[in-house]
Amino acid sequence: MSTGNEFDTDMIETLGPEFTVFVGLLLIMVVPNLGNGTFRIPGTPIRLPWFLGGTRFKAVASPRLPGLLAVLTMALALFQVIWYLLDATPADGQDIMAGGVFIFKVNMFSRIFEAIFFAALLLAAIASLDRLPIGSQKSDDIDVLFNNRRQADFYILMLTSALGMSVVALAQDMFVLFVGLELASFSTYILVAFHKESRAGSEGGAKYFIVGSVASAVGLYGLSMLYLWAGSLQFHELAAHWEAQGATSLSMMALGFVLVGFAFKISAAPFHFAAPDAYSGANSPVAGVLATASKAMGMLGLMRVLLIITVPEATADGSAIWIGLLGVLAAVTMTWGNIAALGSENPKRMLAYSSVAHAGYMLAALTAIGAWNWGLVDNAGVAMDVVVAALLFHMFVLVFFKLGAFLVLGVLEMEGGASRLSSLAGLGKREPLLAVAMFLFMISLAGVPPMAGFLSKLLVIMGIVEVATGTGSLSSIGDAHWVWWLALLMVINSAISMFYYLRIGVVMYFHEPEEGRKGPLASGASIRIAIALCAIGTVAFGLVGGELIDLCRDAAESLR
Amino acid sequence: MNVDYLSMMVILPILASIFLLILTSRLNPAARAKFDAPVRMAAFIISLAMFAVATLMFLGQIGDDGGSGIAFNTFEFQESYVWIEQLGITWTVGVDGLSFPMVWLTTLLMPITIIATWNEKAGATYFPLMLMLGGALIGVFVALDMFMFYVFWELTLIPMFFMILKWGGKDRKYAAQKFFIYTFTASVIMLLGLLTMYFLMDTQTFSMQEMVVQASGANASGVWLGLEVQKVLFIMLMLGFLVKLPAAPFHPWLPDAHVQAPTGGSMMLAGVMLKMGAYGMFRLPISLFPHALEEFQFIIMMIGLVSLVWGAIVCLGQTNLKKMVAYSSVSHMGVILLGIASMQPLGWAAALFMMFAHGIISPMLFAVCGAFKHHYHSMEIGAMRGMAKHSPWLATSMMFGWMASLGLPLLAGFVAELMLMVAYWYAYGWWIIFPGLVLAITAAYYLWSMQRTIFEGGEATQPPESLHGEPVPDIDNSEKIAMLLLAAFTILFGIMPWIFLDMMDMWTRSAMAFLGLGGA
């Protein structure tokens, strides 16, 4: 760990990607407003040009500009993050301090999360270039004017959520983390409700906002209790305090409340009720971001709290204190998600429930980390690395196939709607390549080789089984740690999930298209490019995921 | 120069199929129709080339070494590359006496299937899927890495799912999903078993060859991983393979999948895909857990017996020809289990030979079903009345297929059944009454009923109603060629079974000795 530096010029270098996003944000706010506006010096007839307002310059008046700026910003930030990741080693780490307090820490672990966030937001931004209709600038139609006018709003919110998420990734203090979380959350609340003219949009947005703020409030209450207990919200001090004091009734209650806040973000049962409404009300790229980046953000919070703060304290048998609670949560979440998805007729709700199920798989992996006998410190770190790496890999590749599936629905939305299973009907004939991509995403979600989803599920199950079997030999399977049964539940759930994922394939290839839906879909080059990128990622990381696994392992190692 | 033929036989057809699929999907329907014939030709040539390579392998290296190079856990044409280094996953291929007959069978069936369905007008995507299926199947048989094995094991599901879904019968949607979900469920449980085993190993490895060495070393002096664990893992792995096989009571997906699948799909499904189950049993649970096998010997025997009897009885009651053939497959797969449970080198060799023989005979029966459906527009056995008069080629092929399936001497099925009976007698004594009686009675019943439906009816027989007064057709030339080829191979392996039986025998003997299991 390198020495911390106070706010200074080094910081700009260290926080390059974040500043890129910030500058991009300012540009989107300012650039479209550049015009020949002037400023009259009071009391004089002298007018000074100050370039804001007035008649906008032709070059900046295009409603496409904010979208392009956002894509450019996200691409640049992602490029910087990946550049860092390729160069860094697990031992690297740079602290940003202010007044002796750790604010941020830049290392591989935080950067890989930023890569996940930025990749998801970049793909969603590319896709949104087509998804948000842009009309002719000369049109007088009120809808067209309205849509052209709000282009900038949409991308500003995307960038603020990117900024919020990266703050969460870097935070070394619970309070900073919470600020970032809220910045990202509020951006997504508005993004979900962005199509407020549609009933589903405003309903989903309102539900998501209300449930989300309650969860945040509960989380915040938990934070206040943590502060009461430890006198600090710094991660390292909380961890030290936990180690010294152990679990008290106050700290346990605080932990429970904080978990609620994050469990909402990853849409774990029973805090998932808003998710299906939010996903189906939001436009598809935004729903994709909720299911990938926003979920990764919640997962990140859980990891910080469960693995950094509370793990040093262990129960009598050496496992973490929260293991039972988390195990039950995982089992309920994955089963509930899958069973609810079986009955969903709306493909976006189906994907939302499948995302709940995936949250269950991830919680099962976290449970496995807690199950490790932390008395054996040498091995504990290794086991944690394996499972955390599996989780990182899972969240990374999830961006491709989960978001990709939402984007395919996004293409259908451009035609008229994707809220019924039958809107996918006949896609195999109408758009063979799109249907193939959707099928790849579905079987990847189900975990069929050789897709990336299989490799990630394999890694997660491997992690759980490795922890459960331990190093010693077993005399019977009953001797394995009970998290082994979570792995069994997970594979059974995968089998159940096969049914609804396959149903999409059947509908696409077997059913006749709905009335009035014939021929190829509306064109949209950029959303198709985004889908193609997702499909390539889904297949490529499944076939040759080795490098990414390495990266994730390094990143997991840097968490310690 | 050392050419890795096996990897090429896996990768090339899959790549070719993806290329052809992308090529044809870019075209509009009118242009696509023009591509039907060239795509079919390309698929045929590729499959023929694969057959040639497999045959040359046999005539060259594999035939030459007298079987010593392909005994238990020694492999020919072995090649290994790093795949995912970080997890220790490799791409390792090789063939032994267990897998080579299956590889050869796959390459044989691919061109024959394409010939048999030459005139089906299936469209330009059908034959590429067939190629992909072939490549994935060979991948399963040659894979010597646990991860690679599982990848190809699941990959076979995808082309078959689409073949059933796109060209299947009326209930194809139900059948395709049932097929996928049954086998997928079983195989994820198998996957968990494999992973649990992986982490319990002393030296963790995905290489099947090293696993077997490790297991046998521990099994010789004690029980590898402990008996309890071995039993649980054995059940988990066997579950995956029993569903694939399929054995009663895990067979309900099979009749649906078969009845709905197109002819080519059924031929590959019955010919090779079912054998994946039996192959997997030999390759993993039996090779790794001989102690558990001994524990479960009787249960496996009972499952086999139930499959045999149940399949035969249900088969008797069918009025749908394809369903009847499908249930007869369940019955024959029971025979394979009986062979395994006999724990005799002869019984195992019988099981292996049954896999091979059934792999030639059942595609012939399904080809007959397909031709019947194609020309008579019906699957009902009632519609066959007097067929010998109207369509002598079809009737002859059907009779031949049934005779071969029921184990007529000098045909391939007989060799396997005879060997099985002897081994079973050694192992279980008077129990032989059950399989013996079932085989004899069903044989007699089928032949009698077939004779009545196909040949009787005489002058008064009218063409079946399903033709709606069209002239009664006989089968096409392409179908004739396919039938003749399959019949020729059935006779060839009936008269000269030693072509492959030698290597199977070698493999089972060395396997028994290696695993320290009992033998005659």
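What follows is a chat about a predicted model and some of its local features.

User: Hi! What should I know about the model and its numbering before we start?
Analyst: This is a predicted model, where local features need pLDDT of at least 70 and side-chain atom pairs count only at pLDDT 80 or more, while totals for chains, interfaces and linings use all residues. Residues are numbered from 1 along each chain as its sequence is written, chains are lettered from A and ligands numbered from 1 in the order in which they are written, and side-chain values use heavy atoms, with hydrogens and water left out.

User: Thanks! Where is Leu407(A) found?
Analyst: Leu407(A) sits in helix H15 (residues 377-415) of chain A. Helices (H or I, at least four residues) and strands (E, at least two) are DSSP runs, numbered from the N terminus.

User: Is Leu407(A) buried or exposed?
Analyst: Leu407(A) counts as buried because its relative accessibility is 0%. Buried means under 20% relative accessible area, exposed over 50%, and partly exposed in between, using a 1.4 Å probe and protein chains only.

User: And what is Leu407(A) in contact with?
Analyst: Beyond its neighbours within four places in sequence, the contacts of Leu407(A) include Leu123(A), Pro285(A) and Ile531(A); contact means heavy atoms within 4.5 Å. Ile531(A) is 124 residues apart from Leu407(A) along the chain, yet their C-alpha atoms are separated by 6.4 Å.

User: Switching to the nonpolar core: which residues touch the most other members?
Analyst: Phe113(A), Leu366(A) and Trp348(B) do, in the largest nonpolar core, which has 431 residues. Such a core is a set of buried Ala, Val, Leu, Ile, Met, Phe, Trp, Tyr and Cys residues joined through side-chain atoms within 4.5 Å.

User: Which helix gives the most to this core?
Analyst: H15(A), with 24 residues. Leu366(A), for its part, touches Met299(A), Trp322(A), Leu326(A) and Leu391(A), among others, not counting residues up to four places away in sequence.

User: What about helix H13 of chain A, how far apart are its end C-alpha atoms?
Analyst: They are 29 Å apart, which agrees with the 28 Å that the 20 residues of H13(A) (residues 323-342) should span at 1.5 Å a residue. The expected span is 1.5 Å times one less than the number of residues.

User: Which residues of H13(A) are buried?
Analyst: Among them are Ile323(A), Leu326(A), Gly337(A) and Asn338(A). Seen down the axis, the buried residues of H13(A) fall within an arc of 165°, so they line one face of the helix; the arc is that of the directions from the helix axis to the C-beta atoms. On the other side of H13(A), Leu325(A) and Val328(A) are exposed.

User: What covers the buried residues of H13(A)?
Analyst: The cover includes helix H12 (284-309), helix H14 (347-371) and helix H19 (483-510) of chain A.

User: What is the phi of Met343(B)?
Analyst: Met343(B) has a positive phi of about 55° although it is not a glycine. Met343(B) is in the loop between helix H13 (321-341) and helix H14 (345-376) of chain B, and is buried, with a relative accessible area of 8%.

User: And Leu410(B), buried or exposed?
Analyst: Leu410(B) counts as exposed at 54% relative accessibility. Its phi is also positive, near 75°.
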